[in-house]
Amino acid sequence: MKLKLMETAQKELIKETPTKTTVEISGSVALLEGLIAEGTEVIFGYPGGAIMPIYDALYDYKEKLQHILVRHEQGGIHMGQGYARSSGKVGVVFATSGPGATNLVTGLADAQIDSTPLVCITGQVFAHLLGTDAFQETDVINITTPVTKWNYQVTDATEIPSVLAKAFYIARSGRPGPVLIDITKNAQLQLFNYEGYTPCNHIRSYRPKPIVRKEYIAQAADLINQAKKPFILFGQGVLLGKAEKEFKAFVEKSGIPAAWTIMGAGAIPTDHELNVGMLGMHGNYGPNVLTNECDVLIAIGMRFDDRVTGRLDKYAKQAKVVHLDIDPAEIDKNIKATVPVWGDCKDTLPLLTELIKEQKHTEWLERFRAYSQEEIEAVIQNELNPTTAEMTMGEVINQLNALTHGNAIIVTDVGQHQMVACRYAKFNNTRSNITSGGLGTMGFGLPAAIGAKFGAQDKTVVAVIGDGGFQMTLQELGTIMQSGIDVKIMILNNRFLGMVRQWQELFNDKRYSSVDITSPDFIKLADSYYIAGKRISDRKDLISSLDEMLNHKGSYLLEVMVTKENNVFPMVPQGCSVSEIRLK
Amino acid sequence: MSTESNKQDFTITVYAENQIGLLNRIAIIFSRRKINIESLNTSPSEIEHIHRFNILIQETEEVVRKLAKQIEKQIEVLKVYYNTNEDIIWQEMALYKVPTDEIAEKVLVERLLREYGARVVVIRKDYTVFETTGHREETDKLIEVLQPYGLIEFVRSARVAIIKASEGFHSKLREFERIEPGQDVIENEYLDKGDKVFTM
């Protein structure tokens, strides 16, 4: 196969063999060819000594591969995550050895627990220096083993095409996850006979999808058909399986109320009549209380995280559980399934939909509505239309909904604003709620929003971030400045590390220990990066400022000063059952 | 009834590709949950290029089942079985180094060899090395016997185990090598409740 390499410099490298079946290229060039073959559009990365040969090769690939220079590798990997989450593709990240690689660890852990497909490439010292404590040498493979779906160290260039193919296959298939390839500098430089790139579609020891067992589908359908009070819990599995259509068909035919984990938000639109709201610690009242009243619980692509279940031994004890998941290790991990439905929900849901009766659970649905009404009166009304002088986070999100009509991608950081945004933001579309769910990584929001915009350029991307989390990765304003990407940043500033403060208020007698955080002048900061911005603290400026932010050409930072000591309710206190959820 | 009392010996058998780093991937599944590995052996299996891990732990069956799923989830792992002591035939090997003069003078070596199924591996003027294989109690017993004569060194290998009910892994492997797995590969634990085998 003859390769069409772009630049003349590259052509000089190519020595065609007499049979013209191979070309001699470097490991670095082979890597970039492989990335192109896998459909990579953008790489988030940061160069350094041990990855220089790859960056040198990249110089000739500028037209084919867009490289975004980040300001810190953690920012880079969160961008990769944001990109993967908004686009449904694999995020690609480059970092150098040593500190470059260790800076990826938080993002890897985040991607691992939230099943985000990533391929991270790290440079490594020359193979002959491995284990000698060479400059910028660190044992990346062993450091990242617990936080990667798979990792591999390449010391010979000939391995690069097949290892990269394997990496992409593993990252995106089955339950997705992050993969890291560590390439020693000699392998990056080494010339070898390249025979082209063959994508991987089988590894004999790896079963991405368990086989669907029809007998369990039938048993599940029986349970569902007989149920008087069935309840659907859905998670990110629906999005990861790209099964939104199949899921909607299942929900609509079954007529069963459905509630989401924060990772599953947007799988069906917020306003769908059977979408009864959010599960978990700060989820909606009805879904939490009625979890302990339903007779059949149908869990789809979710893993019964402790933030969803509350106290496990008091969780849905009365219910029979149907659990649909692609990962066999998730079934029976936390909650014993009555009927396990192993498989990709894109395959299993249509089979199930076929076997279930068309039903309407009007009375049961009414129960959710009644609880919802109670929650509106006790919590939501005050949060969205406060009578206080100061603004609340909820009203900001609510006004944002009015302007975006639920069509924006909302990226959040971690903390109170995250819970408020997940609770109140409106999502008409899938892949619109991008948040650090499992790991709860403060500092995720800003870089993830940048990545999300690269993955969905036609969408408005709004990053909702607290004053604490923003200060963890604010260096990525530099990436915005240099790349010219259009991200709307909304800092909800309560001058506290709000969620920890809330817990200290509720459970530690208001002993506010190290939660009082001061901030720089965010607007001046944005200005120094040539990013427009504005700070508001008066309600009358809210709508016009949101409008200005959304209509501004290019990135914009809006800082909204909100009530200092507001709490997110409802709340399932730690160690309590979901039905013991508090409204205040 | 505490879960502590339900803990028993489980031997986990892992069939895996021979890949650098896999041992660590498997080991951290235990250490992350603060579970001690009593013994661990890696060796070739009945199939070329496929390695076999034998891991012995003391845990409840519920924990072991979850661990087995986590191990099987690793990319290079083909299959995981877990078994109680009743389900397997196992051996451990032990070596004992003792001073030759003491032993020759004071011990009825022949009786010792017969009674404990021991063999002499090395005889030197200064020391003698015995070897036995067997269950823990058996190898432990010989320590007690030799201790009074100045046991210089003792070492015991990890447990190696053969599953009584297993028909080998050959037919399974053929299925794994196909791109589309056959139905029989995908056993379901709910269909095979009596069979303490986990597979996806």
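My entries below go from the overall fold to single residues.

**Ground rules.** I am working with a predicted model, in which local features need pLDDT of at least 70, side-chain atom pairs count only at pLDDT 80 or more, and totals for chains, interfaces and linings use all residues. Residues are numbered from 1 along each chain as its sequence is written, and chains are lettered from A and ligands numbered from 1 in the order in which they are written.

**Chain A overall.** I found 24 helices and 20 strands in chain A, taking helices (H or I, at least four residues) and strands (E, at least two) as DSSP runs numbered from the N terminus. Its radius of gyration is 25 Å, close to the 25 Å of the globule rule for 584 residues, so chain A is as compact as a globular protein of that length. I took that radius over C-alpha atoms, and the rule is 2.2 Å times the number of residues to the power 0.38. The C-alpha trace spans about 75 × 60 × 40 Å along its principal axes.

Next I looked up burial: 55% of the 584 residues in chain A are buried. By that I mean 20 or more other C-beta atoms within 10 Å of a residue's own; 12 or fewer is exposed, in between is partly exposed, and C-beta atoms are placed from the backbone.

**The core.** Which residues touch the most other members of the largest nonpolar core? They are Ile300(A), Val322(A) and Ala463(A), in a core of 179 residues. Such a core is a set of buried Ala, Val, Leu, Ile, Met, Phe, Trp, Tyr and Cys residues joined through C-beta atoms within 7 Å. Helix α8 (residues 160-172) of chain A gives the largest share, seven residues. A second, separate core has 22 residues, including Val14(B) and Phe53(B).

I then followed Ile300(A) beyond its neighbours within four places in sequence, and its contacts include Ile232(A), Phe247(A) and Cys345(A). A contact here is two C-beta atoms, placed from the backbone, within 7 Å.

In α22(A), I noted Gly498(A), Met499(A), Arg501(A) and Gln502(A) as buried. They fall within an arc of 160 degrees seen down the axis, so they line one face of the helix. The arc is that of the directions from the helix axis to the C-beta atoms. Among the elements covering them are α18 (416-424) and β17 (461-466) of chain A.

In α5 (residues 136-146) of chain B, the buried residues are Thr139(B), Leu142(B) and Leu146(B). Their arc is only 55 degrees around the axis, which puts them on the same side of α5(B). Glu137(B) and Glu144(B) are exposed on the other side.

Most residues other than glycine have a negative phi, and most peptide bonds are trans. Asp133(A) has a positive phi of about 60 degrees; this residue sits in the loop between β5 (118-124) and α7 (140-144) of chain A and is exposed, with 8 other C-beta atoms within 10 Å. Arg495(A) has a positive phi of about 55 degrees and lies in the loop between β18 (488-493) and α22 (498-507) of chain A. Just after α22(A), Asp509(A) takes a positive phi of about 50 degrees.

Last, I checked the bond from Phe569(A) to Pro570(A): it is cis, with omega near 0 degrees. Pro570(A) is in the segment after β20 (556-561) of chain A.
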